[in-house]
Amino acid sequence: RQYMDAYFQEAMVTKRRDHAVEDLLDLVDDPSSSAFLSLSSALDQSNHLMLLEYHAMRLMTDALEMDDLPSEVAAWELTEDEKAMAPEKKISLARNLIFGEDYDSQKTTIRSRVAACTQELIAKADASVNETAQRMNTLLIWQTVLTIFLFVAVVFLVIFISSQVRAPLTNMVSLMRKQQAVPPQGAAELQFVTGTYNEMLEENRKTTARLNYEASHDALTGLYNRAAYDLFRKSTPEEHIALAVVDVDYFKTVNDRYGHNVGDRVLQRVA
């Protein structure tokens with residue numbers, strides 16, 4: 001009962017999945033972008049997967065003779081063969097639906113689409129930084145031409161521009177190409193541009209680090225996930241790799257007796 005109530009609280013009230021798609025659309029402002037399409041597709045697949053979960057819940061609640069069910073579960077119609085099953089058979093079938101190959105395959109598809117969205121966002125963030133550096137490089141070229149032209153007329157102006165504009169720009173572009181923070185130097189306009197660039201660079205670093213972490217770590221335990229281990233296998237000779245498999249004894253008993261929240265805490269402690 002507690003798990004089922006929490007499930008429908010998230011699915012029908014909190015709706016974090018739906019809000020994530022809406023927030024992404026506000027961010028990219030392009031419903032045809034590959035990142036938005038990937039996340040939308042993952043949401044659609046997740047909603048489709050809920051049908052298997054409704055079916056499993058209906059089997060479990062029927063086997064346990066529970067009443068006062070959520071409307072989505074109560075509306076699910078069992079087949080005559082399923083109705084005739086013994087409670088143990090219904091529970092076994094419910095577990096097979098949730099832990100079967102079809103369910104796992106669809107979950108894998110959802111994860112791959114979310115990962116594709118993540119990589120697309122990282123690529124766009126990198127492109128934005130590179131575009132800014134290219135614009136600053138163009139500005140440097142124009143400034144150099146102007147400096148040469150004015151040198152003939154006013155020596156003092158050349159010295160001023162060289163010290164206040166050209167040198168800071170050269171240093172700025174060099175640091176931008178290396179994706180390093182640029183110290184504020186030169187004219188007030190350049191310092192403003194430098195401050196804006198530094199803010200963008202820091203935000204991009206934080207976003208990239210967070211997205212890379214989420215793409216390679218399990219959300220519950222913080223351990224490396226399948227994608228990270230695949231990367232390790234590709235980048236490290238197999239003779240230098242050791243694999244340790246840890247099994248939590250009687251873990252099903254923990255979940256059955258104390259609930260999945262306690263089970264999650266056990267997994268976190270073991271991890």
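This report covers aromatic pairs, a nonpolar surface patch and a pocket in a predicted model.

## Aromatic pairs

The structure holds 6 aromatic pairs. In one of them, the ring centres of Tyr3 and Tyr7 are 6.5 Å apart and the planes stand at 45°, so this pair is tilted. Stacking would need planes under 30 degrees apart, and edge-to-face packing would need an angle over 60.

Both tyrosines sit in helix α1, which spans residues 2–14. Tyr3 and Tyr7 are 4 residues apart, about one turn of the helix. Their exposure can be read from relative accessibility. Tyr3 has 54% and counts as exposed, because the cut-off for exposed is over 50%. Tyr7 has 13% and counts as buried, because buried means under 20%.

## A link between helices

Phe8 pairs with Tyr54. Their ring centres lie 5.8 Å apart and their planes meet at 15°, so the pair is stacked. Phe8 belongs to helix α1, while Tyr54 belongs to helix α3 (residues 34–63). The pair therefore ties together parts that are 46 residues apart in sequence.

Are these two residues buried or exposed? Phe8, at 9% relative accessibility, counts as buried. Tyr54, at 10%, also counts as buried. Tyr3, Tyr7, Phe8 and Tyr54 form one aromatic cluster.

## Nonpolar surface patch

Which residues form the nonpolar patch on the surface? The members are Phe151, Val152, Val155 and Ile159. Together they have about 430 Å² of accessible area.

Ile159 lies in helix α8, which runs over residues 155–177. Its relative accessibility is 53%, so Ile159 counts as exposed.

## Second largest pocket

The second largest pocket has a volume of about 720 Å³. Its lining is made of 18 residues. Those nearest the pocket centre are Leu223, Tyr229, Leu243, Ala244 and Val245.

Which helices each supply at least two residues of this lining? They are α10 (226–235) and α12 (260–270). The largest share of the lining comes from α10, with 3 residues.

Notes. Residues are numbered from 1 along each chain as its sequence is written. This is a predicted model: local features need pLDDT of at least 70, side-chain atom pairs count only at pLDDT 80 or more; totals for chains, interfaces and linings use all residues. Side-chain values use heavy atoms; hydrogens and water are left out. Buried means under 20% relative accessible area, exposed over 50%, partly exposed in between (1.4 Å probe, protein chains only). Patches are made of residues with over 30% relative accessible area and no salt bridge: like charges are joined within 9 Å, nonpolar side chains (Val, Leu, Ile, Met, Phe, Trp, Tyr) within 5 Å. Accessible areas come from the Shrake-Rupley method with a 1.4 Å probe; for residues, only the protein chains shown count as cover. A salt bridge is a side-chain nitrogen of Lys or Arg within 4 Å of a carboxyl oxygen of Asp or Glu. On a 1 Å grid over the protein atoms alone, a cavity is a set of points where a 1.4 Å probe fits but cannot get out, and a pocket is an open set with protein on both sides within 12 Å along at least five of seven lines; lining residues have an atom within 4 Å of a point. Grid points are joined across faces, edges and corners, and a volume is the space filled by probe spheres set on the points.
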